[in-house]
Amino acid sequence: MSWEQNVRRVVPYVAGEQPNKPGMIKLNTNECPYPPAPGVERLLKRMDYGALRLYPDPDTGVLVDALAEYYHVSSGQVFVGVGSDDVISMAFMTFFNGRRPILFPDVTYSFYDVWAKLHGIPYRTCPLDEDWHICPEDYRQPNGGIIFPNPNAPTGLFESLETVERIVRANRDVVVMVDEAYVDFGGRSALPLVEKYDNLLVVQTFSKSRSMAGLRIGFCIGSEKLIGYLNDVKFSFNSYTMNLPSQLLGAEAVRDDVYFKAITARIVATRERVKRELRTLGFTFPDSKANFIFASHETIPAQQIFQALREADIYVRYWNKPRISDSLRITIGTEEEMDTLLAFLKDYVSKRRF
Ligand code: PMP
């Protein structure tokens, strides 16, 4: 008998690499290339570091209230966590306790199956159609809960709110989570549906559109009943999940809507330009509404392009997995970063043609 018999063994999620080389172009983990809102910098500079002596507010009141005001919901409808990863993991623990499998797409955020296994939740994947869309009929089978991102990752495809509502309406006896990590780049949030469906949980993050991946802030909005259950589990797990600077700086970011709209619009404009240019180089991709493009080339295998880019210190994401091994996920960076990427690809593709 060894102690190892009592170990919970898991195969962990593998996050995109976080290289830190001078001059590199990092387009592999969907961060925002622009800094956080200017008010965040100002607040950071005058922050009272003596306050770090104390535990932070376990209810994360300032941030919850700022989000409630911004999204026109009550504070009792908002839950915050250490990145949306923390929120979703906590929600899996809270809401997915049935014996039936939970459902999510076969091509999606690859953390879902890891959490399901970690929390001992049975799951079944529903294949996306040939055009990478979710088939709402697949979510009519008996299940213990549902989660999908909208826009989906890594495809970037957005499903209409009608599709989302069809899925929620057909599943009133389980919790349906819509992971809206990328919704601010041209999608439409399911938040208005929260008033209508008490089983709908909408999850968002500050890591992409609010440019604060380093602070680890995520949140979800749902009925007060859902949020109450989530808080019960959170307070049974760790009272002080979110540190003080994240609470204060996160609230500050929410207050600057003008900056938020400006940087998301800029990323959308860059994305649309990059789409046009990638097409001329022989790439195809689903019509992304996220801050990345999931592109494959008509003749050159994605893995080879990935390697070549990497050698040039341009990092994109590649998965050697069924259905997606032909594609690269390219985050939208600044105009200049994308120019460098496109210039490299133009040269690379032309050399491979002859
Ligand atoms: N959901 C999706 C679909 C994502 O791509 C990511 C980013 N990896 C997350 C959630 C988690 O983001 P974060 O924990 O930084 O909020």
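A polar contact here is a pair of N or O atoms within 3.5 Å; within protein, one must be able to donate a hydrogen and the other to accept it, and residues adjacent in sequence count only if both atoms are side-chain atoms. With that in hand, here are some notes on the model.

1. First, the ground rules. This is a predicted model, in which local features need pLDDT of at least 70 and side-chain atom pairs count only at pLDDT 80 or more, while totals for chains, interfaces and linings use all residues. Residues are numbered from 1 along each chain as its sequence is written, and side-chain values use heavy atoms, with hydrogens and water left out.

2. A polar backbone atom of Asp85 is 3.0 Å from a ligand oxygen, and a side-chain N or O atom of Asp179 is 2.6 Å from a ligand nitrogen. An N or O atom in the side chain of Arg216 is 2.7 Å from an oxygen of the ligand. Of the 400 Å² of accessible area that the ligand has on its own, the protein covers 91% (Shrake-Rupley method, 1.4 Å probe).

3. The residues around the ligand (a heavy atom within 4 Å) include Gly83, Ser84, Tyr109, Ala181, Tyr182, Thr205, Ser207 and Lys208. Helix α3, residues 83–95, gives the most to this shell, with three residues (helices are DSSP runs of H or I, at least four residues, and strands are runs of E, at least two, numbered from the N terminus).

4. Arg216 counts as partly exposed because its relative accessibility is 29% (buried is under 20%, exposed over 50%, partly exposed in between; 1.4 Å probe, protein chains only). Ser211, in the loop between β7 (200–205) and β8 (218–221), also has a positive phi near 60°; at 10% relative accessibility, Ser211 is buried.

5. Two cis peptide bonds are worth checking by eye. One joins Asn150 and Pro151, with omega about -5°; another runs from Ala153 to Pro154, with omega near 5°. Pro151 lies in the loop between β5 (146–149) and α5, and Pro154 is in the loop between β5 and α5.

6. Glu165, in helix α5 (residues 161–169), is buried at 14% relative accessible area, and its side chain makes a polar contact of 2.7 Å with that of Lys196. Arg255, in helix α7 (residues 244–255), is exposed at 54%, and its side chain makes a polar contact of 3.1 Å with the side chain of Glu252.
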